[in-house]
Amino acid sequence: MNFKLMPVAVCMALSAVVAQETSETVATPAEMTSAPAEATAIAEAPADSATMAPAPAAEAPLSVADSTATTEEAPAAIESSELALDAVTDTAKANFDVLRGRAYNTVGNQAAASTIADHVAKPHEMFGSKLVYLEPTLEYATLAFGENKTYFLNFKNSNGLGTLTAGLATSSFGAEVYASIGKAWVLRDDSNRDYSESRVSAGDEFGAVFSMPLGNIDLAVTASWLTLNSEISTENDIHDTHTHSELERDYWDLSLKGVVSNTPAKEKAFSWAAGLTVRRHNLTETEIEDNKETDYATLDSRFELDPFFNIGYQVLKTNNARVFLGLNSELPVAIYDNIQNDVNYVRKNHLGLGIFTTPNILAELAVTENWFVFGGASYTWNVFSTEYLYEAATDIIAFSTVANRVNVNAGARFQYKNYAIEVAIADSFFNNPLAGFNGNNFLATFGGFINF
């Protein structure tokens, strides 16, 4: 035996005893009971595993010192758990509130980031933009340029015709005009007859939008005229009989819409928009034979008042992901034309009222600094609708409530330096990933930005 090592061994033993006594005085019973529930659960795991191991029959139960020492292991376990959580959440904060393409937010969540279509609908939000956006799948394009003022053009297909929009945006207001023209005229001048004919294609439209910020809210006003069905109107004069006839067809919507909102709501948890649309839905015909004029109206001709209110709320958020919950609601009121003939009313006092709501969800995740994925779901519900009318000497009242189908979509965004691409996947792709090889589109929407 090496007696020179004995003093060293004795010192080490004494140090261990002192350390054990010190640990016993640090953790008092009161402090142990005040530990978080998570710490107790984590601390129990090593003790349970130790008691499950076979032990000699003569072994004494765990002493107070042993249980105390076991409890002291909990803070280390908690610390490692928190570090693991931090490793997930303490990523670089993703900038979701950038201008997005039309593939994004097809469910219409009010709190989501603005799309290029949202900015065109409120032209003052185009101020400061220098970009081009091209969407080949649905033939849509936007160009914005300028220094102190922003000038922009928008091309799109709407109701079977191409629509051109031209606008101007400043820091205090924005204005635009748009039109899709589909008109034709025919003139005939014979020796005994003068004949003229005008044709208007379905989708013929023109309108104007004005918007401006008012403190913390935005105001947008839109006026538009839209031809619903193809119109053919004629005028005919026969000279030798001195007869005159006309037939005029008027199938159009005349609308005036006003909207106030707190968007763009960057960094806001709650967003809202409220508005009212006043519309004349006109499907009438006028026939003139010499001095007799007869008006015809379809049963669908009416005046409408459509108030609406949309809300969106951010319910979940981390640095690299967020989820919005929204509700878009509408309360349309319709007052239909009275239809009558020379004898009596065919239909009168026709009124309609409805409550329609669309709950929606939008989620997005920043996979990397360059890749984002997003998806949404919406559920349209006719909560309640009713109609009253008097027809053929009969009072008629109808009620209904209908839950329509759920729509779910998903897409992705890739951004790098001064360009970005966004796509939305079509339903056919999820049903058959090889749909593109069968001549079907597997991208519902594909568009890209170049920013300057």
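Where does Ala393 lie? This model is predicted. In it, Ala393 falls in the loop between strand E19 (371-391) and strand E20 (394-416).

Most residues other than glycine have a negative phi.

Is Glu139 buried, partly exposed or exposed? Glu139 is partly exposed, because its relative accessible area is 46%, and exposed requires over 50%.

## Aromatic pairs

The model holds 12 aromatic pairs. One of them joins Phe384 and Phe399, with ring centres 6.1 Å apart. Their planes meet at 35°, so the pair is tilted. Phe384 belongs to strand E19 and Phe399 to strand E20, 15 residues apart, and the pair links distant parts of the chain.

The two rings carry separate accessibility labels. Phe384 is partly exposed at 33% relative accessibility. Phe399 is exposed, with a relative accessible area of 59%.

Ring pairs also build a cluster. Its members are Trp371, Phe414, Tyr416 and Tyr419.

## Charges over rings

Which ring does Arg100 lie over? Arg100 covers the face of Tyr104, at 3.9 Å from the ring centre.

Arg280 places its charged end over the ring of Phe303. Here the distance to the ring centre is 4.6 Å.

Note on methods: Residues numbered from 1 in each chain as written. Predicted model: local features only at pLDDT ≥ 70, side-chain atom pairs only at ≥ 80, totals over all residues. Heavy atoms only, no water. Buried < 20%, exposed > 50% of the residue type's maximum accessible area, 1.4 Å probe, protein only. Helix = DSSP H or I, 4+ residues; strand = E, 2+ residues; numbered from the N terminus. Phe/Tyr/Trp six-rings, centres within 6.5 Å; stacked < 30°, edge-to-face > 60°. Lys NZ or Arg CZ within 6 Å of the ring centre and 35° of its normal.
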